[in-house]
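Let's take a walk through this protein together, going from the whole chain down to a few single residues. Please have the sequence and the model open side by side.

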Amino acid sequence: TLAGGSLPNGPLPTILQPSAVTALQLIALNEIFEVAYFTDLLSNITTNVPGYELAGYNRTFVIEALTAVVNQEQLHALGVNGILASANATQITPCEYSFPVSDFLGAITLAQTFTDIVLGVLPQAQTLWASDGGDELPLVNLFGSVIAQEAEQDGWYRSLQLKIPSAAPFLTTHAPAFAFTFLQNVIVPGSCPGVALVGASIPTFGPLTVVSMPTDVSSTATFAVPGTVAPSTNSLVYLSGQNLPLTVPISTVTSIGGLSYFNASLPFESGFAKGLTIAALVSGTGMSFDNASMVASATLYGPGIIEID
């Protein structure tokens, strides 16, 4: 097949815990987005849309590879909705999307970023399914294979940008709310019942813009949020690799055009991973967090997406 394989033919769970349903609905929301995204990218290439001419690339191979990705993501989406249907849970339908890219390299760069985000949150779902007492243990192994498949994709997207295919020994973990908030950046507001469905259980944060992208040396980054912040009441937290969350103070707050700009140090050399780092502006100062879920519970704005290679 064009996907290189088929849907698994084993039995599906018939009883899911409510939290497991929400996790699967979020995954389905993302998989259906990916189908639309890569279908659009493939169409732009095959119809020779300006910016997608693939000068300098093996056009035949890129089309073949993206055709496989589209078909693989279709099976991912069908599979997740099939699990929901097996348990009589509400399935996710497609949304309308707006993709903020205008050329092939920009599209591949965004694909790498959202795949990084997916890879950071799927293990959280595995942990949930293994520990919530439901009939979901088979999903752990199943989605382990999905994680590996998405990682294969990610290595190719990185290679196309002349990045080392494997960013770091341990990739960044985060929390479902960060993935859900990020995903809404490409969904047309009001077009998607799935957003309201998932949003009943998972929060959406305010936007945190990374104004100046830090480098792979310890540096200072600038961020912006559409609200009031202060060094006495807010901090910035980084999630990078499998390390404990790192809290740093914010400084130099200025307000311009309804946005609050502020600086925060990014001590990369103290143990950050290359590839994806998640930043979150939280309520409170001087706090330590044991895991990404605790960070999400304190987050006001995020995720700030930082890619360092």
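For the charges, Lys and Arg count as positive and Asp and Glu as negative, while His and the chain ends are not counted. Each charge is placed at NZ of Lys, CZ of Arg, CG of Asp or CD of Glu. In the protein chain, the mean positions of the 4 positive and 20 negative charges lie 13 Å apart.

A word on what you are looking at: this is a predicted model, in which local features need pLDDT of at least 70, side-chain atom pairs count only at pLDDT 80 or more, and totals for chains, interfaces and linings use all residues. Residues are numbered from 1 along each chain as its sequence is written, and side-chain values use heavy atoms, with hydrogens and water left out.

Now for the overall fold. The protein chain has seven helices and seven strands, taken as DSSP runs (H or I, at least four residues, for helices; E, at least two, for strands) and numbered from the N terminus. Their order along the sequence is α-α-α-α-α-α-β-β-β-β-β-β-α-β. The C-alpha trace spans about 55 × 50 × 40 Å along its principal axes. Of the 309 residues, 51% are buried, where buried means under 20% relative accessible area, exposed over 50% and partly exposed in between (1.4 Å probe, protein chains only).

Just after H2 comes Asn88, with a positive phi of about 55 degrees. Asn88 sits in the loop between H2 and helix H3 (104-131) and counts as exposed because its relative accessibility is 75%.

Thr252, in strand S4 (residues 246-256), is another non-glycine residue with a positive phi, near 55 degrees. Thr252 is exposed, with a relative accessible area of 53%.

Finally, where does Val295 lie? It belongs to helix H7 (residues 292-298), and its 0% relative accessibility makes it buried. Beyond its neighbours within four places in sequence, Val295 is in contact (heavy atoms within 4.5 Å) with residues including Phe178, Val237, Leu239 and Phe289. In strand S7 (residues 299-308) you will find Pro303, joined to Gly302 by a cis peptide bond with omega near 0 degrees.
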